[in-house]
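Here is a friendly walk through one structure, in questions and answers. Let's look at it together.

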Amino acid sequence: MNLRTLKMKKTVGVVVLSLAGLVGCVSTAPMAITAQYAGQSMTLQALPQKVVVQDLALLDIFQSLAIPVAGVPSARYPQFLAQYEANSYVKTGSLFEPDEQVLRELNPDLIVVGRRSSRALEAVQQLAPTVDLSFDQAHLVQSVKQITQRLGQWYGKEQRAAYYIERLDTQLAALRQATAQAGTGLLLLTTNNKLIAQGPQSRYGVIFNEFGVRPALTDFPEGKGVELTLEDIERINPDWIYVIDRDTAVNKADATPAQQLLKTVEQTQTERQPQIIYLDPAHWYLLDGAGLEALLQNMQQIQVALQHSK
């Protein structure tokens, strides 16, 4: 029996769950999940076995919890997710555009979408039950923990989920100790030879809002990124510069590496020269800084760099 065998107080054609409104429990013989959303209640009579995960950060959580998946997007995978490049996993379209024909042929029990793929929600929810588990970028660590806990409950992986949540809490506490002593930070996204500052309201705001970095620049009209020159950076005078190389993340041809764009800053001989951390571009751009393994590695990279500063 698959996810389509369900009982609902009110008949609907699709299953769309938001994490904020989701209350789930797993019962025994037969296994069932009771979920409430949008004023409705439903019971899934069996866990979905053939799952499509259309988001890399969510796929990170599925892998960390050892939950099998059948379909994944065609994408440039970071090394720790490289196994999903194998032909044994059905490729179900891009991160933005799921392939509806492939999904029809695969006939999954469940499709999981995230931030990029949620744009196709209305289309794919006509093909199979669909869950939108997009992360709350304003409270990213907490959001990752909530999704991890929920999936752990569904699939009987509570111990693995608790293990990762404890690691997140421990790593975050250690990182915040380091950032508290590190001074100010400027976050730059580099692309097309541009240096674009990102603030607390951006999708990378976790570095300020939860990691504890004190922003060196606070003027972000409407929360949008601000393009800077090297002279602007000298004027802002941050203690640290955190860099996300977008073009490297997407393997853009003929792109100028971030290190070259910031070469002048690195070579500046001043009394208070900013120190630069080149963040993992795939983790930050393709996974939006989320996931489990990626988030842990992101926090550890910054902590180690700050603790071994000049």
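Q: What makes the largest nonpolar core a core, and which residues have the most contacts inside it?
A: A nonpolar core is a set of buried Ala, Val, Leu, Ile, Met, Phe, Trp, Tyr and Cys residues joined through side-chain atoms within 4.5 Å. The largest has 65 residues, and Ile207, Phe211, Tyr242 and Ile302 have the most contacts inside it. A second, separate core of 16 residues includes Leu195, Leu217, Leu228 and Ile233. This is a predicted model: local features need pLDDT of at least 70, side-chain atom pairs count only at pLDDT 80 or more, and totals for chains, interfaces and linings use all residues. Residues are numbered from 1 along each chain as its sequence is written, and side-chain values use heavy atoms, with hydrogens and water left out.

Q: What is Ile302 in contact with, leaving aside neighbours within four places in sequence?
A: Contact means heavy atoms within 4.5 Å. By that rule, the partners of Ile302 are Leu175, Ile207, Phe211, Tyr242, Ile277, Leu279 and Trp284.

Q: Why is Thr179 called buried?
A: Buried means under 20% relative accessible area, exposed over 50%, and partly exposed in between (1.4 Å probe, protein chains only). Thr179 has 4% relative accessibility, so Thr179 counts as buried. This residue is found in helix H5, residues 158-180 (helices are DSSP runs of H or I with at least four residues, strands are E runs of at least two, both numbered from the N terminus). Not counting residues up to four places away in sequence, Thr179 touches Phe211, Gly212, Val213 and Leu306.

Q: How does the span of helix H4 compare with the expected one?
A: The expected span is 1.5 Å times one less than the number of residues. H4 (residues 140-154) reaches 21 Å from its first C-alpha to its last, close to the 21 Å expected. Just after H4, Gly156 takes a positive phi of about 65°.
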